[in-house]
Amino acid sequence: MAWASSFHAFFKNFKRESKIISEDNITLIKAYIEENKLQKAVSVIERALRDIEDAPLNIAVTGETGAGKSTFINALRGVGHEEKDAAPTGVVETTMKRTPYPHPKLPNVTIWDLPGIGSTTFTPQNYLTEMKFGEYDFFIIISATRFKENDAQLAKAIAKMGMNFYFVRTKIDSDLDNEQKFKPKSFNKEKLLKKIKDYCSNHLQESLYSEPPVFLVCNFDITKYDFPKLETKLLQDLPAHKRHVFSLSLQSLTEATINCKRDSLKQKVFLEAVKAGVLATIPLGGMISDE
């Protein structure tokens, strides 16, 4: 069928990190339509839509007390600090257990607050086991100063298990404000940001023997510094069927975020329309076999 090519061409308009359906499924649906195996095409589309709608997303956030974990978690969830379900800020970490914080509007999305590995007696391997590492889609390791040896060792253990991790340096506004206050004549914002990032990266490189990306963020304004870059990187690394729910969870109102949500919804509507169109061509609503 001619519109099989149109189906394939539609998804070529989207970048890899914004596609909500895998290339394998795109190719499979196109092939079934070309071969007039319409029921099979519908089955793949329905399965893809179910995966997109039902995909759980679990984000683990870890870091030492005072690093801004709770503020970061609230920023990801779009929740103010004084709201009922906000992660408590400004408190000393006393529990060695993980704490779930569901997204207020997306029940499939949960952000987990994990105690910093430095506040436990676990080895990195045992820490991951105790924190049920297999339940998360990725780890975010947070620091408000420099990343320490414990953080690097945890990253090593996560990498060995084939999972993704991201280093996030918080409280950047405080660093800039302090530098400008005490060194007003020599203050240079871009140079200081580079200095902070290089300092963190170099320290991690000593332990990891590689240079992992470090994202500088302000928890109070998620449009500033590297927060948008972090969101884009997470989208790139997530499986296709989880990108839709993650894109909906994004709180920043940057042009990139708005475009991401638009593209995600556009693809979902297109899949629903193709499904309806294919079903309309099958006698008795798809009850007749393709064979």
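Which helices do the buried residues of α3 pack against? In this predicted model, local features require pLDDT of at least 70 and side-chain atom pairs count only at pLDDT 80 or more, whereas totals for chains, interfaces and linings use all residues. Residues are numbered from 1 along each chain as its sequence is written, and side-chain values use heavy atoms, with hydrogens and water left out.

Helices (H or I, at least four residues) and strands (E, at least two) are DSSP runs, numbered from the N terminus. Helix α3 comprises 17 residues, 38–54. From its first C-alpha to its last, α3 reaches 24 Å, close to the 24 Å expected at 1.5 Å a residue; the expected span is 1.5 Å times one less than the number of residues. Within α3, the residues Leu38, Ala41, Val42, Val44, Ile45, Ala48, Leu49 and Ile52 are buried, where buried means under 20% relative accessible area, exposed over 50% and partly exposed in between (1.4 Å probe, protein chains only). These residues cover an arc of only 160° around the axis, which puts them on the same side of α3; the arc is that of the directions from the helix axis to the C-beta atoms. An α-helix has 3.6 residues a turn, so residues three or four places apart point the same way. The partners of the buried residues of α3 are α2 (23–34), α10 (240–249) and α11 (255–281).

The domain assignment divides the protein chain into domain 1 (2–53 + 256–281) and domain 2 (56–238), with bounds that come from an automatic or database domain assignment. The centres of the two domains, taken over C-alpha atoms, are separated by 35 Å. Five residues from domain 1 and four residues from domain 2 take part in the contact, defined as heavy atoms within 4.5 Å.

Aromatic pairs were assigned to rings of Phe, Tyr and Trp (its six-membered ring) with centres within 6.5 Å; planes under 30 degrees apart count as stacked, over 60 as edge-to-face and the rest as tilted. The count by this rule is 12 aromatic pairs. For Trp112 and Tyr136, the ring centres are 6.2 Å apart and the planes lie at 65°, so this pair is edge-to-face. Because Trp112 lies in strand β3 (residues 109–115) and Tyr136 in the loop between α5 (124–130) and β4 (138–143), the pair ties together parts that are 24 residues apart in sequence. Both Trp112 and Tyr136 are buried. Tyr136 also pairs with Phe139, with ring centres 5.4 Å apart and planes at 80°, so this pair too is edge-to-face. Phe139, like Tyr136, is buried. Over the face of Trp112 lies Arg98, at 4.0 Å from the ring centre; the criterion is NZ of Lys or CZ of Arg within 6 Å of the ring centre and within 35 degrees of the ring normal. One aromatic cluster is formed by Phe10, Phe11, Phe14 and Phe270.

Several loop residues complete the description. Asn36, in the loop between α2 and α3, has a positive phi of about 65° although it is not a glycine. Its relative accessible area of 46% makes Asn36 partly exposed. Tyr225, in the loop between β6 (214–216) and α9 (227–237), likewise has a positive phi, near 60°. Tyr225 counts as buried, at 19% relative accessibility. Met96 occupies the loop between α4 (69–77) and β2 (99–102) and is partly exposed, at 33% relative accessibility. The C-alpha atoms of Met96 and Gly116 are 8.6 Å apart in space, and the two residues are 20 residues apart in sequence.
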